[in-house]
Amino acid sequence: MNRLFFVLFLFTFVSPVFAAPKVTELPDLPLESLYFGGENPILTPSEQKALKIAQDWQARSATQLTPVPGPDGSIKFLHGAVQPSIVCAVMQVTDIELEPGEQINNINIGDSARWLVEPAITGAGVAEVQHIVVKPMDVGLETSLMVTTNRRTYHFRLKSHRTQYMPRVSFIYPDAVQARFLALRERKAEEKEKLTIPETQEYLGNLDFAYRLSGDAPWKPVRVYNDGVKTIIQMPPKMKQTEAPSLLVLNGDEEVMVNYRLQGDRFIVDQIFDKAMLIAGVGSKQTKVTITRGM
């Protein structure tokens, strides 16, 4: 009987001491207010105008940037047009692939506590490709990411979803395309310079050297060619010590004497002929060289 009385006593008077503590509920405030304190600063008109420009740019990023599919299954954005918005998911990995040969200098993310951003590399040497691996730690997160490389700067907007995400992201580079065109143009200019006759600035690609020479003379031409408009007969240095030959163009059985201009060691004929003769001297001392177009 005494034991029963003691148990009832403990239950009635002592048990309230071990009751669960009262939980104080937090006010329903935005998540940012739980991390940061203080009030927003008062912005000047100039600062407000600058913010409006940034907000308009971000708004255009969400509505005017149209990604296209890549051949490898990646989502391709046009670099530099606007700020790409990358959708990530918890328990998933988003791979942002840079241009081959591009080297990451620095990675800066607005929320480093709830986002995991790591570099990765595939390939080696000139074929090396650097990647940015992005993983959110929760759902409904949003932050900004800036990546600087040895070639350019990237600005991203990151959003985390429960299930939806972009597995692979890559870029189309207008500046790289322009650089390739410039390099191609410079290479063509170098090749053209190598194939240009320095004395006359004639491009060999525009010249036709398909001529045969028959006969013998001290002044026998070194070469004959045309540029599509006129025929050029290059003479040897010995011609300065001999009589200059006459030029006869053969039209069937008819021989027509043709005038030419002398420029240095070259005869310039203002027409293209199929067959002609260079003749110097008379009688038994006459020398002749026949020029035939076509090899």
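Ring pairs link Tyr154, Phe156, Phe171 and Tyr173 into a cluster, where rings of Phe, Tyr and Trp (its six-membered ring) pair if their centres lie within 6.5 Å. The model is predicted, with local features needing pLDDT of at least 70 and side-chain atom pairs counting only at pLDDT 80 or more, while totals for chains, interfaces and linings use all residues. Residues are numbered from 1 along each chain as its sequence is written, and side-chain values use heavy atoms, leaving out hydrogens and water.

**Aromatic pairs**

- The whole structure holds 6 aromatic pairs; the ring centres of Tyr154 and Phe171 are 5.1 Å apart with their planes at 55°, so this pair is tilted (planes under 30 degrees apart count as stacked, over 60 as edge-to-face and the rest as tilted).
- Tyr154 lies in strand β9 (residues 153-161) and Phe171 in strand β10 (residues 168-172), so the pair ties together parts 17 residues apart in sequence; strands are DSSP runs of E, at least two residues, numbered from the N terminus.
- Phe156 and Phe171 also form a tilted pair, 5.9 Å centre to centre with 55° between the planes.
- Phe156, at 0% relative accessibility, counts as buried, and Phe171 is buried with a relative accessible area of 7% (buried means under 20% relative accessible area, with a 1.4 Å probe and protein chains only).

**Sheet**

- An open sheet of mixed pairing has 4 strands in the order β3-β9-β8-β5, where two strands pair if DSSP finds at least two bridges between them.
- β3 (85-89) and β5 (104-109) stand at the edges, each with a single partner strand, so one side of each is left without a neighbour in the sheet.
- β5 and strand β8 (residues 142-149) run antiparallel and are joined by 5 bridges, and Asn106 has Thr148 in β8 as its bridge partner.

Terms used. Buried < 20%, exposed > 50% of the residue type's maximum accessible area, 1.4 Å probe, protein only.
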